[in-house]
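Subject: Handover of a structure, with notes

Dear colleague,

I am passing the structure below on to you, and my notes on what was found in it follow directly after it. Please read them with the model open beside you.

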Amino acid sequence: RPHKALPEDFIRRFPVVIGATRDVDMFRRAMLCLAPDGHFANLAILLQDPALPYWDMYLRGITMTFGLPNVGPHIPAVLEMARCGHIHPERLVTVHAAEDAPTALLEPALKPVLVRKRLLV
């Protein structure tokens with residue numbers, strides 16, 4: 001679940017944290033949410049070098065990856081979970097007409113999807 005701010009009780013709690021912020025302070029605080037042997041995956045592009053809590057990460061055995069994940073191998077399993085009703089991806093998507101893109105993309109949404117008429121039939 002996405003969070004704009006991190007409550008104090010999140011510290012050292014989660015086995016996996018996915019960072020998707022360009023805010024270097026939030027990036028650092030997100031790493032502190034990891035439980036021992038946790039993994040931090042950062043998807044955002046940081047435009048400045050963050051201050052890493054290196055000693056804390058070292059003592060807890062934290063691993064970290066940067067960049068976009070390779071989701072291809074997981075697609076069949078995720079589609080099957082959606083087909084069976086175990087997950088509901090439609091709750092994450094907000095659909096907009098393509099011509100509404102300039103305003104729709106400024107609205108808060110987890111995953112905006114722009115739809116237009118097909119160019120070829």
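D56 forms a salt bridge with R60, the closest N and O atoms being 2.4 Å apart, where a salt bridge is a side-chain nitrogen of Lys or Arg within 4 Å of a carboxyl oxygen of Asp or Glu. Both D56 and R60 are buried, a term that stands for under 20% relative accessible area, while exposed stands for over 50% and partly exposed for what lies in between (1.4 Å probe, protein chains only). Because D56 and R60 are four residues apart in helix α2, about one helical turn separates them; helices (H or I, at least four residues) and strands (E, at least two) are DSSP runs, numbered from the N terminus.

Please keep in mind that this is a predicted model, in which local features need pLDDT of at least 70 and side-chain atom pairs count only at pLDDT 80 or more, whereas totals for chains, interfaces and linings use all residues. Residues are numbered from 1 along each chain as its sequence is written, and side-chain values use heavy atoms, with hydrogens and water left out.

R60 has a relative accessible area of 9%, and, leaving aside neighbours within four places in sequence, R60 is in contact (heavy atoms within 4.5 Å) with R12, M31, L32, L34, A35, P36 and D37.

A search of the whole structure finds three salt bridges. In general, side chains of opposite charge can pair when their charged atoms come close. One of these salt bridges joins R29 and D25 at 3.1 Å, N to O, and both residues lie in helix α1, four residues apart, about one turn of the helix. R29 is partly exposed at 33% relative accessible area, and D25 is likewise partly exposed, at 44%. Another joins the side chains of E80 and R83 at 2.6 Å, N to O; these two are three residues apart in helix α3 (residues 75-83), again about one turn. Here E80 counts as partly exposed, at 36% relative accessibility, whereas R83 counts as exposed, at 61%.

Turning to helix α1 (residues 24-31), its residues M26, F27, A30 and M31 are buried. Seen down the axis of α1, these buried residues fall within an arc of 140°, so they line one face of the helix, the arc being that of the directions from the helix axis to the C-beta atoms. They pack against β1 (14-19), β2 (34-42), α2 (54-60) and β3 (63-66).

The largest nonpolar core has eleven residues, namely F10, V17, F27, A30, M31, C33, L34, F40, L46, M57 and I62; a nonpolar core is a set of buried Ala, Val, Leu, Ile, Met, Phe, Trp, Tyr and Cys residues joined through side-chain atoms within 4.5 Å. The elements that give two or more residues to this core are α1 and β2, and its largest share, three residues, comes from α1. As for F40, residues up to four places away in sequence not being counted, F40 touches V17, G19, F27, A30, M31, L34, T63, M64 and T65.

Finally, a search of the whole structure finds zero disulfides (pairs of cysteine sulfur atoms within 2.5 Å). C33 is buried, with a relative accessible area of 3%, whereas C84 counts as partly exposed, at 40%.

With best wishes
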